[in-house]
Amino acid sequence: MDAVNLAGEEMLDWTEPPADRPGSTAVLSQAIRDLITPGGRVLFAGNDDEELIRSLVATGTHVDLLLRGHTDAETAQTAYAGLPVTVHNGSLNMFGETGYDAVLALGGIARLNTPEHVLSWPDAVAALRRTLRPGGTLAVVVANPFGVDRIADPRSGVRASNDDWPTGTASRPVTGLGDALATLDLADVRTLGLFPGLDAPTAVVERAALTEELSGLITSAWTWSPDHPVVTDPRRLVRDAIRAGLGCELAPAWLFVGHTGTPTGSAPVATAYADRPFAPDFAVVQVLRADADGWHREPAGEPVQRTKNGFTRSPELLAGRVSAGPLAEDVLLDACGQHDLATVRTLLTRYVAWLRTRDGRIGATLDNVVDTGDGLELFDPSWASTTEPTAETAATRAFLRFAQRLRSGAYENPWPVGVSVERLTITLAATAGLTITPDDVRAAADLDAEIAAALGEPTGESTAPEGQREALATVARLTTALAEAQAQATFLEELVAKRDRQLADLRRSVTFMIGRVVTGPLSALRKARRRLRR
């Protein structure tokens, strides 16, 4: 086996930390396979994506791999033994190879730095461009210094106390999307946003595709745990950013793909690559493309059916046109924010009636149902279960999840702030014309926990506000509700005291005394008659 090529400034005891986010790591790899032309020589700078490397090698591509950690380089050398893969160990600053047809820096610029040389964003781009042949393709992932993850997560961008080496650059970083594009100076640049972050993205969406029609793909990239507090609900934040036309500007990271040379002038078809962050056994990368008829989706790779724990996912059902319209959950959140009970009642009633007419209810929660205007349709119809719940149970589960979303996101709604999730679930069901009991709610909660455990979703989601901003809003509402209750109690106490005083004055009045004299004998006669009857 050939030895690792030492480029200089090797980090001998360093190994890159694993991704700390759940999700389908194949999403970014699929995007790269579609956006670059295989063949020739390709340099992977700073990251080792085994699946992508092996797929490129299978097309006749020769791959060079540059890793700064010596342990990682030796591990890669063993893994790719016998393949046309050359492993280099060192920093980009010392790397001298050139003439590559494509250079892929998919781990971010920080992974190209060493303690001896910390490259700024312009210096890193210049060094990557030097390794390209004329007309070569550069694909680089860059962390956004002001993305929704940094706004929402108090720990994002802050070095942990036990980190051995900082993850950011010490000199000039990227200062925004415009700065990044100007520095790249590439032709036909395609800009894609990565969600929920640079590590293991589960949604890679082109700038033109960051519209409300696909917001469900992006907001579902976030999962939340009570062990990971945030400043504010990132799902709310990214939803508002997309509506304001700032979805790409506030993406946690960007993927830029362009080439050196003359622009072709062709307008590319907008694309998106995504999957919800389920367990790897169920992950299916979805490729979405836009045309005159809207968005069309197809699963990447062979559509092999996935079955586990009584649940089945059929990727072939994802193929076809994507239902156009907002998610039912988004419509309800907007209506609740406006205290528009008429819209809430109408949509929930339609939803229950729709559930009763269909099979495959296991995935028909409000965050997976699209309101097309003409009817309701599943956004992701690929889920099935061996034990299909009834329409009433499926609806109760959906209402429970929506009630939890209202509480954990501290969304404005028409119901009292202190009402329990169970009571709110029953209220939502009653709004839809469905009568349920607390036992029905608990049964739906058990079903939801069972499904979450089987599919790899977080279980036991807290209904307390998950963000500090939401917690403050909830505290303010509770304080107002408490003040109103205290004011009402004070008013009632004063009213009772006033009535007591009026009654005492009445008993001391001449009229009351005369009445007692007149009615006294009659009262005594009635008491005597009762005693005789006994």
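Arg289 is partly exposed at 30% relative accessibility, where buried means under 20% relative accessible area, exposed over 50%, and partly exposed anything in between (1.4 Å probe, protein chains only). This is a predicted model, so local features need pLDDT of at least 70 and side-chain atom pairs count only at pLDDT 80 or more, while totals for chains, interfaces and linings use all residues. Residues are numbered from 1 along each chain as its sequence is written, and side-chain values use heavy atoms, with hydrogens and water left out. Below we go through salt bridges, then strands, then the surface and the cysteines.

**Salt bridges**

- The count comes to 25 salt bridges, a salt bridge being a side-chain nitrogen of Lys or Arg within 4 Å of a carboxyl oxygen of Asp or Glu.
- As background, side chains of opposite charge can pair when their charged atoms come close.
- One of these pairs is Arg289 with Asp34, whose side chains meet at 3.0 Å, N to O.
- Arg289 sits in strand β11 (residues 286–291) and Asp34 in helix α1 (residues 26–35), so this pair ties together parts that are 255 residues apart in sequence.
- Helices here are DSSP runs of H or I with at least four residues, strands are runs of E with at least two, and both are numbered from the N terminus.
- Like Arg289, which is partly exposed, Asp34 counts as partly exposed, with a relative accessible area of 34%.
- Arg133 and Asp101 also form a salt bridge between their side chains, at 2.5 Å, N to O.
- That pair links distant parts of the chain, with Arg133 in strand β6 and Asp101 in strand β5, 32 residues apart.
- Arg133 is partly exposed with a relative accessible area of 33%, and Asp101 is partly exposed at 22% relative accessibility.
- Over in helix α13 (residues 438–455), Arg442 and Asp439 are 3 residues apart, so about one helical turn separates them.
- Their side chains meet in a salt bridge too, at 2.5 Å, N to O.
- Arg442 is partly exposed, with a relative accessible area of 43%, whereas Asp439 is exposed at 52%.
- There's also a network of salt bridges, which links Glu212, Arg239, Arg243, Asp330 and Asp334.

- β9 runs antiparallel to strand β6 (residues 132–143), with 7 bridges joining them; two strands pair if DSSP finds at least two bridges between them.
- Ala139 has Val257 of β9 as its bridge partner.
- β9 also pairs with strand β7 (residues 187–195), again in the antiparallel sense, over 6 bridges.
- Gly193 stands opposite Trp254 of β9.

**Strand β2 and its partners**

- Strand β2 (residues 41–45) is mostly covered, with 4 of its 5 residues buried.
- β2 runs parallel to strand β3 (residues 62–67), and 5 bridges join the two.
- Leu43 has Asp64 of β3 as its bridge partner.
- Together with helix α2 (residues 50–57), β2 and β3 make a right-handed β-α-β unit; right-handed says that, with the strands pointing away from the viewer, the path from the first strand over the helix to the second runs clockwise.
- β2 is also joined to strand β5 (residues 100–105) by 3 bridges, in parallel.
- Phe44 stands opposite Leu104 of β5.

**Surface patch**

- Phe491, Leu492 and Leu495 form a nonpolar surface patch with about 280 Å² of accessible area together.
- Patches are made of residues with over 30% relative accessible area and no salt bridge, joining like charges within 9 Å and nonpolar side chains (Val, Leu, Ile, Met, Phe, Trp, Tyr) within 5 Å.
- Accessible areas come from the Shrake-Rupley method with a 1.4 Å probe, and for residues only the protein chains shown count as cover.
- Leu495 is found in helix α14 (residues 468–507) and is partly exposed, with a relative accessible area of 31%.

**Cysteines**

- The structure holds 0 disulfides, a disulfide being a pair of cysteine sulfur atoms within 2.5 Å.
- Cys248 is buried at 2% relative accessibility, and Cys336 is buried at 0%.
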